[in-house]
Amino acid sequence: MKIICVGRNYAEHANELNNPLPEQPVIFMKPDSAVLLKKRPFYIPDWTDNVHYEMEVVIKINRIGKNIQRKFAYKYYEELTGGIDFTARDVQSKCKEKSWPWELAKAFDGSAAIGKMISKNNLPPIQELNFELKKNSETVQIGKTDEMLFTVDQIIEFVSQYFTLKIGDLIFTGTPAGVGKVNAGDVLQGFIETKEVFNISVK
Ligand code: ZN
C-alpha cells in the first residue's frame, strides 16, 4: 500500500506558506509505515520543534489502474475519509531551502493519520464536500472540496500516469488554510460534513 499526497492544492494554503500556485499537482509520497494506527496517540518526534496538522480529504483506491482517464476516475474509489498529513515544518523548511526532498518532514512514522472510511454514496458529490478540523474543541480548519485547484479525478488522472494505483492505496488531496502547530495534550477531531472521522490525542 502506498500513500500519495498532493501539496498546495488550495490557493489560500499555498498563500499562507508563501508558495506560488502550482501549474500541475505537487506530489509526494509516504510509506505504509507512516500510517498512524487506529486509536493510537500521535507522538511528536524528538527531532522537531514544530509539527503542523494538515487536515485533508483522503480517498481510498478500490481498483487497480494505470493511465486512468479523468472521466473514468470516479470508478476507482468508493470510500473516503479525513486524515492528517502531519508535517515537521521546521525540517520541511530546511529541505525546501536546500532543494532536498521532503520525506524526512512528511513521511515519518505516524505522519499519516487516517479516519474511518465513509462510502461516497452517503455523502454529497466529491467536489462539494465540507470538512473541518477542531483542535481542543475549537475549529482551526474549514475546507470545501470545491476550492481544490486540482479535483480528485484530475489528481487520479495525473498520478496514474506515473504510478500504478492499487487496491488500498490512499490519496491525501491537500489541505486548506489554517494549518498550525500541535502541542502535547492537544486533541484533534476531524469531520467530513457532520460525521466525526477521527479523534486523535497528541503526546
Ligand atoms: Zn498536506
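**Sheet and loop**

I found 4 strands forming an open sheet in the order 11-10-14-15, with antiparallel pairing; strands here are DSSP runs (E, at least two residues) numbered from the N terminus, and two of them pair if DSSP finds at least two bridges between them. Strand 11 (138–144) and strand 15 (195–201) stand at the edges with a single partner strand each, so one side of each has no neighbour in the sheet.

I noted that this is a predicted model, in which local features need pLDDT of at least 70 and side-chain atom pairs count only at pLDDT 80 or more, while totals for chains, interfaces and linings use all residues. Residues are numbered from 1 along each chain as its sequence is written, and side-chain values use heavy atoms, with hydrogens and water left out.

I then followed strand 10 (residues 130–135), which pairs with strand 11 in the antiparallel sense over 6 bridges; Glu 132 has Ile 142 of strand 11 as its bridge partner.

Next I turned to Asp 186, which I located in the loop between strand 13 (180–181) and strand 14 (187–192).

I listed its contacts (heavy atoms within 4.5 Å): leaving aside residues up to four places away in sequence, Asp 186 touches Lys 135, Asn 136, Lys 181, Ile 200, Ser 201 and Val 202.
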